[in-house]
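Here's a walk through one protein model, written for someone who likes the cut-offs spelled out. Have a look at the structure first, then read on.

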Amino acid sequence: MMESSAHFNKPHIVVSDVDHRRLTEMADAATGPFADVGETLHAEMERAEIVAANSVPMDVVQMGSTVEFRSETGERRTLTLVFPGDADIAANRISILTPVGVALIGLKVGQSIQWAARDGSSHELTVERVS
């Protein structure tokens, strides 16, 4: 049962005007295996607070940020959020066009979000550090 996620409020997110424009275009162009993630990214961009690139707080996940987060199981991971062409899992560079990438964008330290993996399983992550 996913009763708890049905009532989960999404946290406030902040995205720079530059990232917002580029990510909205990317979401709108996502097709094939990326169509579902594109729809989710588009929804996140629609609800984001958009600010000037030089006004994004330092503790907010942006494109190019390295973020340490904790999963609901307590596992900690450190990833850098990148555009698809720069993704390299072996180097811990994760594409924005992945479910966890979309979940991370715009979050600030201390915030948590529930997200669905490609297999439909529900997860939660909490941002611990952004650099």
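## Ground rules

This is a predicted model, so local features need pLDDT of at least 70, side-chain atom pairs count only at pLDDT 80 or more, and totals for chains, interfaces and linings use all residues. Residues are numbered from 1 along each chain as its sequence is written, and side-chain values use heavy atoms, with hydrogens and water left out.

Helices (H or I, at least four residues) and strands (E, at least two) are DSSP runs, numbered from the N terminus.

## The sheet

Let's start with the strands. Five of them make an open sheet with mixed pairing, ordered β5-β4-β3-β7-β6; two strands pair if DSSP finds at least two bridges between them. At the edges sit β5 and β6, each pairing on one side only. From one strand to the next, the twist averages 45° (axes are lines fitted to C-alpha atoms, for helices over the stretch in contact, and angles run from 0 to 180 degrees between N-to-C directions).

β3 runs antiparallel to β4, joined by five bridges, and T66 stands opposite T80 in β4. β3 is also antiparallel to β7, again through five bridges, with E68 opposite R129 in β7. Five bridges also link the antiparallel β6 and β7, where W115 has H123 in β7 as its bridge partner. β6 and β7 form a hairpin with five residues between them, and G120 in the turn has a positive phi of about 90°.

## Two helices crossing

How do α2 and α3 meet? Their axes come within 8 Å and cross at roughly 145°. The crossing is left-handed, meaning that the near helix is turned anticlockwise from the far one by less than a right angle (clockwise would be right-handed).

On the α2 side the contact involves H20, L23, T24, A27 and D28, and on the α3 side G38, L41, H42 and M45; contact means heavy atoms within 4.5 Å. By class, that makes four nonpolar, four polar and one charged residues. Here Ala, Val, Leu, Ile, Met, Phe, Trp, Tyr, Cys and Pro count as nonpolar, Asp, Glu, Lys and Arg as charged, and the others, Gly among them, as polar.

## The core

The largest nonpolar core has 31 residues, and L23, L41, I96, L104, I105, L125 and V127 have the most contacts inside it. Such a core is a set of buried Ala, Val, Leu, Ile, Met, Phe, Trp, Tyr and Cys residues joined through side-chain atoms within 4.5 Å. Elements giving two or more residues include α2, α3, β3 and β7, while α4 gives the most, with four.

Leaving out residues up to four places away in sequence, L125 touches F69, R70, S71, V100, A103, L104, L107, Q111, S112, I113 and W115.

Is T98 buried or exposed? T98 is buried, at 16% relative accessible area (buried is under 20%, exposed over 50%, partly exposed in between, with a 1.4 Å probe and protein chains only). T98 is in the loop between β5 and α4 and touches V37 and R118, not counting residues up to four places away in sequence.

A53, in the loop between β2 and β3, is partly exposed, with a relative accessible area of 40%. Its C-alpha atom is separated by 4.6 Å from that of S16, 37 residues apart along the chain. Neighbours within four places aside, A53 is in contact with S16, D17 and V18.
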